[in-house]
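Please have the sequence and the 3D view open as you read.

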Amino acid sequence: MALIDIQVPDIGDFDEVTVIELLVKPGDTVKAEQSLITVESDKASMEIPSSHAGVVKTLKVKLDDKVKQGSIVLTLEVAGAESEVAPAPMPVADAKTKANAASDPQPAPLPAGAPAASANGSIEVRVPDIGDFKDVAVIEVLVKVGDTIKAEQSLITVESDKASMEIPSAAAGVIKELKVKLGDIVNIGDLLAMLEGSVSPIAAPSVPSALSTASVSADSTPESVPAPVAAAAAAVATMPDHAPATPPVGGLPHASPSVRKFARELGVPLAEIKGTGPKGRITPDDVQAFTKAVMLGATRTQAQVAQAPTPSGGGAGLDLLPWPKVDFTKFGPVERKDLSRIQKMSGANLHRNWVMIPHVCNHDDADITELEAFRVQMNKENEKSGVKITMLAFLIKASVAALKKFPQFNASLDGDQLVVKQYYNVAFAADTPNGLVVPVIKEADKKGIVQISQEMGELAKKAREGKLSPADMQGACFTISSLGGIGGRYFTPIINAPEVAILGVCKSQIEPVWDGKAFQPRLMLPLSLSWDHRVIDGASAARFNAYLGQILADFRRVLL
């Protein structure tokens, strides 16, 4: 084991940016290129990655510290340090490329983003070359049609996974037409706006040719600087002053990229959160507190207020009778207990899902006689491994096969569009002393039964200990709720929005099944499939359940 200092890499010509977020703590295990801290300048915020993998021993910075290139972020304990060191910083353009450029008799083309006159005399303003990034989202439009802008005035704000930055205009003039809107995805060279004016002699901003970083991955080439780092470097090194002629309506909420991503995953409108950090910055705790307040009904988002019908009967906005108020002590002794945190949060979600999703539930039985015998045999053979294979692992794998055959079950509604997912993350309900939680097996289609069983055991243990992270419970496409170890016959599980279906299974039992000649004892597993009737019809649901039963009866079908 060796101790190494992780320093702020060269991410552009900046000096003393502020630490606004600590993403790790002592004792955490980090991977190479994992983000450690978030820093912020006047025009951009970016995350600083680790150049090594290891365990954090000590943090050398704290919130609101000023750091610059070479500042020590933390001390890392690494194993086999030599094998994990990222390659030495390399310039984006090597000497050979420069030599070829010098000897080329052809005139150099205009850089991406340089102003160019169109056929009708208007000036085209495009996304300049601000690094090796691709497909960044427009999160703020700083100008509007009719605005008079100066050269190098910021037009839009874009955001990658690691940095947010403002894109300037390379020309001055009056905006005739905007070619982008909020939520659009843009790349280098994309058309942003059409101007009336004159081409500015100022060259379009670009990434310094010798940009380098200590977080280049082992398989990088000199030309392949990681996109987030390059984008962040260009954002800090080349961003002009932001001086829009007309200030945008509502400003962009003050939050780091990781907080924005966290809020998007939870569906939280950042504009409605009051930040408690320095200068009103929104922190992860602010997002969590807002989410909890909405779940408990203590506050409502603007969208909820706009969509809420006018109640006339006092029944929670549904025009129902008011909830009865009863003095239970008149009938006997009582004891009052607070709901657990999980019960409070899940209760609000379940109520919303049951009211808003038109549930239909199909019940069926699957013959798992041979599959159970195979499971028992596998556990005997793998007894020394310590991994217990459960029927739920087979159900997860079988569900993936059914989702592939019926892709409308692996989808989510987004307004008037259906988002059909190309990945297969399956969640399972885990019982804990504080209530049910739903951890997720990611990329279940790429994992075998033994690996799924192992991950399920680890996630279930974390759930019982209350150590599940938000990432452990996000990204599911389909959920399985199993009561197999308890009992019961059938039930109607509530769909976990934004999914469109959920499978409930109960305890299997031996039943007489007619084989055409006689009744045979077979182990039958009850299946209860709840589905969203806005997306799925009855025939598709019946076929899904039947196909799932066929796979469980003969697991070789997953290979087809």
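Two strands pair if DSSP finds at least two bridges between them, and strands (E, at least two residues) and helices (H or I, at least four) are DSSP runs numbered from the N terminus. This is a predicted model, where local features need pLDDT of at least 70, side-chain atom pairs count only at pLDDT 80 or more, and totals for chains, interfaces and linings use all residues. Residues are numbered from 1 along each chain as its sequence is written, and side-chain values use heavy atoms, with hydrogens and water left out.

**Strands and sheet**

- Strands β19 (residues 411-414) and β20 (residues 417-420) run antiparallel and are joined by four bridges.
- Within this pair, S412 has V419 in β20 as its bridge partner.
- The hairpin of β19 and β20 has two residues between the strands, and G415 takes a positive phi near 65 degrees there.
- Elsewhere, eight strands form an open sheet with antiparallel pairing, in the order β7-β2-β4-β5-β14-β13-β11-β16.
- The edge strands of that sheet, β7 (66-67) and β16 (185-186), each pair on one side only.
- β2 and β7 run antiparallel and are joined by two bridges; T18 stands opposite K66 in β7.

**The second largest pocket**

- A pocket is an open set of points on a 1 Å grid over the protein atoms alone, where a 1.4 Å probe fits and protein lies on both sides within 12 Å along at least five of seven lines; lining residues have an atom within 4 Å of a point.
- The second largest pocket holds about 1,200 Å³ of space, a volume being the space filled by probe spheres set on the points, which are joined across faces, edges and corners.
- Its lining has 37 residues, and E21, L23, Q34, S258 and A471 lie nearest the centre.
- β2 (17-22), α4 (257-266) and α5 (284-295) are the elements that give two or more residues to this lining, and α4 gives the largest share, six residues.
- The lining divides into 13 nonpolar, eleven polar and 13 charged residues; Ala, Val, Leu, Ile, Met, Phe, Trp, Tyr, Cys and Pro count as nonpolar, Asp, Glu, Lys and Arg as charged, and the others, Gly among them, as polar.

**Cysteines**

- With a disulfide taken as a pair of cysteine sulfur atoms within 2.5 Å, the count comes to zero.
- C361 is partly exposed at 21% relative accessible area, whereas C506 is buried at 2%; buried means under 20%, exposed over 50%, and partly exposed in between (1.4 Å probe, protein chains only).
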